Amino acid sequence: MADPDGLVAGEGPRGRRRPVNDRAGSVRHGEQGASGLKEHRSKDEHRSDSAVHANRPTTSTVDFHDNLRILYLPLDESALGTGLRAIERGTCRWGRCPSKEREETMGAGSDLLTPEEIWRRYDEMEVRLSAPLSERMLELARVGPGQRVLDLATGRGEPAIPAAHRVGPGGSVLGIDVSASMLAMARERAAREGASNLELRVGEASSLEGVQQGSIDSTLVRWGLMYMDSPVDALDCARRAMVPGGLLVAAVWAEPDRTPFYSLPRSIFERYRRLPPIDFEAPGTFRFAQPLRLHRDLERAGLRLEHEEEIEVPVMEAETPWALIAWMRAFGWARFVNDLPEYARKSWEAGVVEAAATYSKAGLIRLGGVTRIIVASRPANE
Ligand SMILES: C[S@@+](CC[C@H](N)C(=O)[O-])C[C@H]1O[C@@H](n2cnc3c(N)ncnc32)[C@H](O)[C@@H]1O
């Protein structure tokens with residue numbers, strides 16, 4: 001992983017180390033320690049250091065190699081004390097993570113998959129868990145029989161496919177997405193479900209080529225707007241495609257601290273290594289986490305805000321913490337975690353196993369977050 005800050009935290013397998021702060025647990029990301037940046041030590045000192053640190057560091061240390069400044073954090077004793085030891089023993093606090101199960105789950109090859117492979121594995125689960133969100137969006141957009149609906153960034157067909165069922169044979173749904181492979185999956189599902197009134201087109205939401213102005217009754221965009229390069233252009237095109245008074249319903253993720261599917265693996269990872277801060281203005285999961293940003297873009301596109309609400313949506317469900325870890329690894333964390341030294345990697349897993357207990361109910365772990373739904377209209381007098 002590139003380390004844009006030039007600052008990495010975690011246990012390093014090589015290089016020079018020097019304790020800089022004996023207040024175990026008190027060093028935070030970005031702190032340098034009192035001794036300053038650069039230290040040169042003799043080979044003998046190195047050897048004795050390796051002996052001392054053969055197992056794991058107990059204090060914070062700084063290290064310099066390859067011109068990178070490395071901040072060693074004291075490893076989280078609580079995670080080690082319970083999670084890691086439980087893993088080593090083959091029993092967890094809540095009794096469902098023997099290491100054999102880990103091997104079976106993690107050996108299933110969840111790492112470094114293509115987006116299509118990831119979704120072939122997890123699509124059904126996400127469709128099921130997020131169905132209440134799609135249903136609520138259709139309700140708020142007042143989608144009914146005979147209507148013409150546009151679904152921007154439809155991906156694998158949400159909420160286009162449930163919309164197609166709702167508008168029935170007298171209505172039609174047009175789903176647009178830039179990804180042909182996601183649309184191929186949407187087509188397969190639509191065929192399975194007999195949704196023949198659904199057209200799926202590869203296209204750019206910010207141009208909507210071929211969509212007649214004033215031809216659409218309502219527009220949906222679920223978890224898509226925040227990834228677009230020009231969301232204002234997409235909203236503007238959607239407004240012009242709709243009839244006056246037409247409704248646009250969009251779903252976006254709330255702030256990171258209310259979206260544990262994202263923030264949980266990240267915060268545990270950051271015990272060992274610092275990540276670049278989230279850019280709330282750039283295309284990404286949290287671009288519209290702050291409501292005012294979306295209000296501003298709606299206004300710029302000439303849409304009128306009508307209603308706003310929040311809904312808690314799980315995106316993953318697992319019977320064991322290993323299945324949760326496999327899911328996290330599949331959705332991007334493998335790349336980061338594989339870059340950690342072995343000890344920190346195990347500790348990250350231990351941290352997830354421990355945290356999983358918090359999200360477990362009746363033997364199932366469920367992770368998701370708060371989604372904000374907004375309803376906006378094309379002014380009726382336009
Ligand atoms: C997180 S997925 C959401 C997919 C689907 N709406 C759902 O809720 O499952 C985001 C989708 O936005 C699509 N996307 C991103 N930028 C786009 C653009 N400018 N125009 C059309 N689709 C876009 C991506 O290809 C991806 O399928």
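## A strand wrapped up inside its chain

Strand S5 (residues 148–152) is largely enclosed by the rest of the structure, because five of its five residues are buried. Here "buried" means that 20 or more other C-beta atoms, placed from the backbone, lie within 10 Å of a residue's own. The model is predicted, so to speak of local features takes a pLDDT of at least 70 and side-chain atom pairs count only at pLDDT 80 or more, while totals for chains, interfaces and linings use all residues. Residues are numbered from 1 along each chain as its sequence is written.

**The chain as a whole**

- You can find 11 helices and 12 strands in the chain; these are DSSP runs numbered from the N terminus, with at least four residues (H or I) for a helix and at least two (E) for a strand.
- Of the chain's 382 residues, 41% count as buried.
- Take the contacts between residues at least 6 apart in sequence: 79% of them join residues at least 24 apart. A contact here means C-beta atoms, placed from the backbone, within 7 Å.

**Strand S5 and its neighbours**

- Both faces of S5 are covered, with Arg148, Leu150 and Leu152 buried on one side and Val149 and Asp151 buried on the other.
- S5 pairs with strand S6 (residues 172–177) in the parallel sense over five bridges, and Arg148 has Ser172 as its bridge partner there. Strands count as paired if DSSP finds at least two bridges between them.
- S5 also pairs in the parallel sense with strand S8 (residues 216–222), over three bridges, and Val149 stands opposite Ser218 in S8.
- Together, S5, helix H5 (residues 160–167) and S6 make a right-handed β-α-β unit. Right-handed means that, with the strands pointing away from you, the path from the first strand over the helix to the second runs clockwise.

- Helix H11 (residues 342–356) has 15 residues and should span 21 Å at 1.5 Å a residue, which agrees with its end C-alpha atoms being 21 Å apart. The expected span is 1.5 Å times one less than the number of residues.
- H11 is mostly covered, with 11 of its 15 residues buried, including Trp348 and Val352.
- The largest nonpolar core has 86 residues, and Val352 is one of those with the most contacts inside it, along with Ala163, Ala238 and Leu324. Helix H10 (residues 321–337) gives the most to this core, with 10 residues.
- Such a core is a set of buried Ala, Val, Leu, Ile, Met, Phe, Trp, Tyr and Cys residues joined through C-beta atoms within 7 Å.

Key. A residue is buried if 20 or more other C-beta atoms lie within 10 Å of its own, exposed if 12 or fewer, and partly exposed in between; C-beta atoms are placed from the backbone. Two residues are in contact if their C-beta atoms, placed from the backbone, lie within 7 Å.
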